[in-house]
Amino acid sequence: MILSPFTMPGSLPANYVATWPKDVGIIAMEVYIPSQYVDQAELEEFDGVGAGKYTVGLGQARMGFCSDREDINSLCLTVVQRLMERNHLSHNSVGRLEVGTETIIDKSKSVKTVLMQLFEESGNTDVEGIDTTNACYGGTAALFNAVNWVESSSWDGRYALVVAGDIAVYATGSARPTGGAGAVAMLVGPNAPLTFERGLRGTHMQHAYDFYKPDMVSEYPVVDGKLSIQCYLSALDRCYSVYRNKIQAQWQREGLERRFCLSDIGFMVFHSPYCKLVQKSLARLLLNDFLSHTNPNMESGPFSGLEAFRDVKIEDTYFDRNVEKAFMKASAEMFEQKTKASLLISNQNGNMYTPSVYGCLASVLAQHTPQQLAAQRIGVFSYGSGFAATLYSLRVTQDATPGSMLDKLVSSLSDLQVQLDTRKRVPPAVFAENMKLREETHHLANYIPQGSVDELFPGTWYLTRVDEKHRRYYARRSPDEHGPLGAALPHPVTTSENIPSPVKKMPRIPATTAVPEAVAVSNGDH
């Protein structure tokens with residue numbers, strides 16, 4: 001059947017729609033981080049705290065931040081356009097777009113509707129999805145919705161696009177060094193190099209006031225630090241237990257009688273408020289394996305020398321330093337193999353909130369070859385305060401040949417380190433001034449941002465003004481500009497079709513389509 005050029009995307013033969021899509025998952029990823037950062041060692045000195053409090057205690061080296069030229073809309077505009085351009089995707093090939101964020105600048109209008117301005121020239125307004133919010137979990141909820149859409153009777157044969165973006169800022173004090181900012185976009189569809197393992201999600205949701213934002217005129221959250229750590233670790237325990245039970249039940253149905261443990265996961269990535277908590281979290285999974293095992297080998301292997309902890313109750317160990325120290329030591333080799341690589345962006349850019357765990361996933365992909373990744377299981381733990389959490393797994397395709405979907409995905413993320421290294425280091429005093437400016441101008445009407453556009457990466461969308469009705473207007477810095485930050489700009493591949501559409505007869509944007517030097521868009525009337 002040949003579709004005419006005027007056939008609407010999604011108008012598929014009935015027998016195609018009736019076919020259950022195979023290997024649904026992540027096809028492409030794009031990461032955007034701000035062009036400036038503050039050094040955490042310098043921030044320690046500026047804040048008058050002990051050397052190592054942020055760099056060793058938290059495990060953080062640098063923290064990215066935004067001037068008043070960037071907001072949640074601009075971050076998401078940038079990462080979506082970069083994903084579309086890098087992969088030469090037609091806007092008509094996207095049938096669902098959902099944003100996960102907790103950075104709220106409008107209590108009614110969604111970020112997703114702002115992003116639809118990128119689709120106007122294509123004429124594609126048939127795009128499902130909206131914003132999803134619950135602290136740092138919103139991106140995962142949006143991703144699950146996208147996967148469920150592709151696997152449902154609602155799917156029309158097109159891609160789903162998921163965007164997770166946030167600006168994480170804190171009031172002056174002990175929590176400020178755990179901030180960050182950024183956005184991650186993910187293309188979801190069938191025949192993906194990273195597929196979701198069906199039925200393998202362990203979820204835990206519970207009510208708690210560990211971190212929340214009740215003040216609608218402030219960007220700053222209210223944080224109970226100790227409670228937040230307890231909620232995170234208890235959610236991890238419960239999610240891991242549910243996931244373990246589900247995968248073992250799956251194996252039993254397949255005739256396999258064996259226990260699931262950490263060794264069954266090739267890479268393990270976590271939501272990362274700060275890097276040290278991630279290292280403790282991997283140790284906690286080993287503690288879970290140890291306590292759930294009916295007869296662990298304590299003579300050799302990872303459990304050797306842990307006899308003293310055999311009878312501890314897991315709910316009593318959240319702040320037990322002896323347990324923590326022992327299992328961090330026991331899991332040290334596993335951490336190096338399974339998790340350390342995931343902390344590249346987290347260590348260098350900080351906590352991005354909803355994109356945090358997906359920045360960790362991108363970090364793993366960027367630092368391994370397709371051959372090293374092929375056929376691996378990647379465990380993903382996503383947590384959002386309040387609280388909501390899920391542990392699930394992705395399976396990497398076995399096809400690591402040159403030109404494969406996995407090869408293209410890995411290659412597209414190969415410039416992550418370059419982006420991180422090409423940013424501008426800003427003195428802590430200037431960082432503090434930027435935070436003060438954001439605090440004073442947050443939600444102001446009739447406002448023109450003061451931040452320099454020249455400091456932004458080429459191709460970055462930015463806020464030009466907020467009018468008297470709080471309508472926001474944006475423009476894009478030319479992606480063709482060359483300067484000290486130019487090397488970080490992701491350049492599209494040269495082939496005309498890097499990622500084939502689920503239905504290959506869909507209209508596509510040619511590779512030679514020119515990008516406007518600066519196109520103004522708004523989040524209000526045009």
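1. Axes are lines fitted to C-alpha atoms, for helices over the stretch in contact, and angles run from 0 to 180 degrees between N-to-C directions. Helices (H or I, at least four residues) and strands (E, at least two) are DSSP runs, numbered from the N terminus. The model is predicted: local features need pLDDT of at least 70, side-chain atom pairs count only at pLDDT 80 or more, and totals for chains, interfaces and linings use all residues. Residues are numbered from 1 along each chain as its sequence is written, and side-chain values use heavy atoms, with hydrogens and water left out.

2. Helix H7 (residues 275–292) and helix H8 (residues 321–330) have axes that come within 8 Å and cross at roughly 90°. H7 is therefore roughly perpendicular to H8 (angles under 35 degrees count as roughly parallel, over 145 as roughly antiparallel, 65 to 115 as roughly perpendicular and the rest as oblique). On the H7 side, Lys 276, Gln 279, Lys 280, Ala 283, Leu 286, Leu 287 and Phe 290 meet Val 323, Glu 324, Phe 327, Met 328 and Ala 330 of H8, where contact means heavy atoms within 4.5 Å. The contact of H7 with H8 comprises 8 nonpolar, 1 polar and 3 charged residues; Ala, Val, Leu, Ile, Met, Phe, Trp, Tyr, Cys and Pro count as nonpolar, Asp, Glu, Lys and Arg as charged, and the others, Gly among them, as polar.

3. An open sheet of 9 strands runs in the order S5-S4-S6-S7-S1-S8-S13-S12-S11, with mixed pairing (two strands pair if DSSP finds at least two bridges between them). Its edge strands are S5 (131–132) and S11, each of which pairs on one side only. Helix H5 (residues 138–150) packs on this sheet, touching strands that include S4 (94–100), S12 and S13, and its direction makes about 160° with that of S4. Helix H13 (residues 405–412) also packs on the sheet; it touches S1, S8 and S13, and its direction makes about 10° with that of S1.

4. Because 8 of its 8 residues are buried, S12 is largely enclosed by the rest of the structure (buried means under 20% relative accessible area, exposed over 50%, partly exposed in between, with a 1.4 Å probe and protein chains only). Arg 377, Gly 379, Phe 381 and Tyr 383 point one way from S12, while Ile 378, Val 380, Ser 382 and Gly 384 point the other way.

5. The neighbours of S12 are as follows. Strand S11 (residues 267–270) pairs with S12 in the parallel sense over 4 bridges, and Phe 267 stands opposite Ile 378. S12 and strand S13 (residues 388–396) pair in the antiparallel sense over 8 bridges, with Thr 390 in S13 as the bridge partner of Ser 382. These two strands, S12 and S13, form a hairpin with 3 residues between them, and Gly 386 in the turn has a positive phi of about 120°.

6. A further open sheet has 3 strands in the order S3-S2-S14, again with mixed pairing. Strand S3 (62–64) and strand S14 (424–425) are its edge strands, each pairing on one side only. Strand S2 (residues 36–39) pairs with S3 in the antiparallel sense over 3 bridges, and Val 38 stands opposite Met 63. Helix H2 (residues 40–47) packs on the sheet, touching S2, S3 and S14, and its direction makes about 60° with that of S2.

7. Finally, the cysteines. The structure holds 0 disulfides, a disulfide being a pair of cysteine sulfur atoms within 2.5 Å. Cys 239 is buried, at 0% relative accessible area, and Cys 261 is partly exposed, at 26% relative accessibility.
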